[in-house]
Amino acid sequence: MNRFRCNSMILFILILILLPFGSITSASETATTEKSNYYFVYNSSKVDTKDLAAIKQYVAKFKNTNNVLFDAKNYKEAPKLLDALKAQQKKIGGKVAGVQIFGLANDVPAFSYVHKMKPTEGNFEWNGIEYDKSGKPEKFVSDLFYSNFKSDSKYLTDVTVYGIIQENQPVSILPEWPVSRLPLTKGEISKYVSNYEAYRKQIEGKSVPTVALSAPVEFQKGLDVAQDDIAFFMNRMKEEKEEFGYFSNADLRTYYKDLAVNLTKENKSGVMDLVVGSDGDTEGATLKKDRKNYFFDRKSAASLNSNYYTAFFWGSGTAKGLNANSIIHDGMAKGKMINPIAFTISTYSRDVANYLWLPIPTPEGETGDDWNDYIAVDKELLERNNPFFFVYKYYEAIESGKTRLQSFYDAQVEYAKLSVDNKKNLRASLGYENIISIHYLGLADY
């Protein structure tokens, strides 16, 4: 009996010793695994009951974040919405994991952007502003400034590269989390969410091919290849194993002729990651600069229904306005386009280069040291604010197994850092503009 009491007393003491240690360990684990906040922003007056139910079901699938459903109904201007999100974040505390927006720019406001930049300090004749046909400064939209809370909102109306670089306004272009927008409106959202779920099932366990349609327009004397040919650059990323070595786990198919026919053929053959390199606008992608001969337009985007496909529109302003009047909207609302990457400002061909004219060593048997030749851009040369730097970083992340949104975000961050580091070089203004204008449109991956 005494031995039993003695053993019981020892066990009781051990429990008293171990319990506090166990509770402290548990608290420590909770602190180190605190969930970051993911904001899901919508406008309650611009969704129907099916849309809202689909949004909530989609949000519930994010298991590793603290999910914040935020109604933007009372915010008509992006700077005010940004301040409201900042206030909410301050109240909640912790970190931000991302921002997902539901709605057109008229539903959930985007930031306004105006072309104003002086490429050279000595240019006194041109004030750097581009005007529209009515003679007013042409305005574009951007969601970039939802990607950090460091910018002063009073400077985020009619943002200009001139203001950021040459006036040193407190505006940051460095993303700290991914931002995605589903540019659909009331009655369209629930259908797309269903399409997105069906797309995920269709690609499960598959190696999805990348299909590039390229209609280059910037041919340079002395080159057989167009400077703005994204398909040429992508093929180099596949073929040059030592320098790039991408597309090792997926097929890459490129087309230069019969683009409309080959697009339909590829859509019928299965799911694909589509890349469209061309000049163009919200009506679609064109074969030439005249923007009349469309090989992929709003009508064909709506009728491309054989299989789901992601899209990457390189360079042209297909997402201008983030409204319902575009190939992006029709492809997502009426067709089977999933999560397109697109520009809201037409930046096609600006400083894009597959080759650079650079000094080379004196060829054998020749004299003098003033020799130059076209050199294919490598990773080092891409850092000269070449927009292909974004493409290279995007596919570098894809190759490492990251999702499209995470790859987009990684490339966006690296390109923004590159542009900021080159801030004193006014050519960096083009990098700033590309960062401001390129968007991930669709749904974030849970």
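Colleague: Which order do the strands of the open sheet take?


Modeller: Four strands make up an open sheet, ordered 2-1-3-6, and the pairing is parallel. Strands here are DSSP runs of E with at least two residues, helices are runs of H or I with at least four, and both are numbered from the N terminus. Two strands pair if DSSP finds at least two bridges between them. This is a predicted model, where local features need pLDDT of at least 70, side-chain atom pairs count only at pLDDT 80 or more, and totals for chains, interfaces and linings use all residues. Residues are numbered from 1 along each chain as its sequence is written, and side-chain values use heavy atoms, with hydrogens and water left out.

Colleague: Which strands stand at the edges?

Modeller: Strand 2 (66–71) and strand 6 do; each has a single partner strand, so one side of each is left without a neighbour in the sheet.

Colleague: And how do strand 3 and strand 6 pair? What stands opposite Phe 102?

Modeller: Strand 3 (residues 96–102) pairs with strand 6 in the parallel sense, over four bridges. Leu 182 in strand 6 stands opposite Phe 102.

Colleague: Switching to holes: how many cavities of 30 Å³ or more are there?

Modeller: Five cavities of 30 Å³ or more. On a 1 Å grid over the protein atoms alone, a cavity is a set of points where a 1.4 Å probe fits but cannot get out; a pocket is an open set with protein on both sides within 12 Å along at least five of seven lines, and lining residues have an atom within 4 Å of a point. Points are joined across faces, edges and corners, and a volume is the space filled by probe spheres set on them.

Colleague: What about the largest cavity?

Modeller: The largest cavity holds about 90 Å³ of space. Its lining includes Asp 143, Arg 181 and His 439. Strand 6 (179–182), helix 12 (404–421) and strand 17 (438–440) each give two or more residues to that lining.

Colleague: And the largest pocket, which residues lie nearest its centre?

Modeller: Val 208, Asp 273, Ile 398, Lys 402 and Arg 404, out of 30 lining residues. The largest pocket has about 800 Å³ of space.

Colleague: Last one: where does Leu 356 lie, and what is it in contact with?

Modeller: Leu 356 lies in strand 15 (residues 355–359). Leaving aside neighbours within four places in sequence, Leu 356 is in contact (heavy atoms within 4.5 Å) with residues including Tyr 374 and Leu 381. The C-alpha atoms of Leu 356 and Tyr 374 are separated by 5.3 Å.
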